[in-house]
Amino acid sequence: MNPIEIRNLNKVFKTKQHALHALNDVSLSIQKGEMVAIMGTSGSGKTTLLHILGCIDHPSGGSYRLNDIPVEQQSPKALARIRNRDLGFVMQDFALVDHYSVQKNVLLPLNYMKEPQLRKERAARLPALLEKLHIGQKRHEKVMNLSGGQKQRVAIARALINDPGIILADEPTGALDQKTSQEIIELLKSINQEGKTIIIVTHDPNIAAYCDRIVRIEDGRMIEAGELIP
Ligand SMILES: Nc1ncnc2c1ncn2[C@@H]1O[C@H](COP(=O)(O)OP(=O)(O)OP(=O)(O)O)[C@@H](O)[C@H]1O
């Protein structure tokens, strides 16, 4: 079973004037432990695809199985649980709460977890996780006082606190300088080498070079699926 299986996926955005086909007949399988780059020109549909993979948006047609679960048949509550447990998100603008501390930001996903024992177990991972991401000393610092690279490390820690199998990253280095970008992609690569499946939307060929394969999208169509890992 592949963690991600999409078949003949379509996404149409309807406005009063017209219907925009953001994704057109996209089929894609992603194996466990792969690191995949999604590339394409601006407006080609990359973020739309990532949002559907992240169960943030719904396709207009086609099927999506995530960890063998048919996503389109899930209730909003079940989808919220999937987003919380099975997926970690890393965004270009970090999507952190600036006036919260590092610790409070990283622990945020646990607020949505009902099981107290599991929440406790996950929270206990915090110190080791922050050390691993080299932000241990910033634990009580407000996020607004951190550099861009440090903020992205906090966002990666938050994505990992629930130990999801899949990390989805939308231009994770888009707001960072070249040196910091390299540090962040090397960090994501090391997380991938520990077994996480990682999907990264990027414009940057240097970032894509760290991935196992490149999926290219143009005008909502997948024009290249790259080579699968043997
Ligand atoms: N909510 C929406 N309503 C209407 N059209 C949308 C919506 N979201 C995206 N689109 C359109 O769908 C197309 C694909 O957008 P998407 O954001 O997926 O592109 P992208 O490849 O991620 O672009 P970029 O590299 O500039 O971020 C674009 O034409 C965009 O204008």
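Here is a short tour, stop by stop.

Before you click, know that this is a predicted model, where local features need pLDDT of at least 70, side-chain atom pairs count only at pLDDT 80 or more, and totals for chains, interfaces and linings use all residues. Residues are numbered from 1 along each chain as its sequence is written.

**Stop one: the ligand.** Select Phe13, Leu20, Ala22, Gly40, Ser42, Gly43, Ser44, Gly45, Lys46, Thr47 and Thr48, the residues around the ligand (C-beta atom, placed from the backbone, within 6 Å of it). Strand S2 (19-30) and helix H1 (46-53) are the elements giving two or more residues to this shell; helices (H or I, at least four residues) and strands (E, at least two) are DSSP runs, numbered from the N terminus. H1 gives the most, with three residues.

**Stop two: the four-stranded sheet.** Now show S2, S1, S4 and S5, which make an open sheet in that order with antiparallel pairing (strands pair if DSSP finds at least two bridges between them). S2 and S5 each have a single partner strand, so one side of each is left without a neighbour in the sheet. Zoom in on strand S4 (residues 61-66), which is joined to S5 by two bridges; there, Leu66 stands opposite Ile69 in S5.

**Stop three: a loop residue.** Pick Glu72, in the loop between strand S5 (69-70) and helix H2 (76-85). Is Glu72 buried or exposed? Glu72 counts as exposed because it has 12 C-beta neighbours inside 10 Å (buried means 20 or more other C-beta atoms within 10 Å, exposed 12 or fewer, partly exposed in between, with C-beta atoms placed from the backbone). Leaving out residues up to four places away in sequence, Glu72 touches Ser63 and Tyr64 (contact means C-beta atoms, placed from the backbone, within 7 Å).

**Stop four: the six-stranded sheet.** Show S6-S7-S8-S3-S9-S10, an open sheet in that order with mixed pairing. At the edges you'll find strand S6 (87-91) and strand S10 (221-224). Strand S3 (residues 35-39) and strand S9 (residues 213-218) run parallel, joined by four bridges; one to look for puts Val36 with Arg213.

**Last stop: the core.** Select Ala37, Ile38, Ala157, Leu168, Ile199 and Ile200, which touch the most other members of the 54-residue largest nonpolar core (buried Ala, Val, Leu, Ile, Met, Phe, Trp, Tyr and Cys residues joined through C-beta atoms within 7 Å). Helix H6 (residues 148-160) supplies the largest share of this core, six residues.

Terms used
Contact = placed C-beta atoms within 7 Å.
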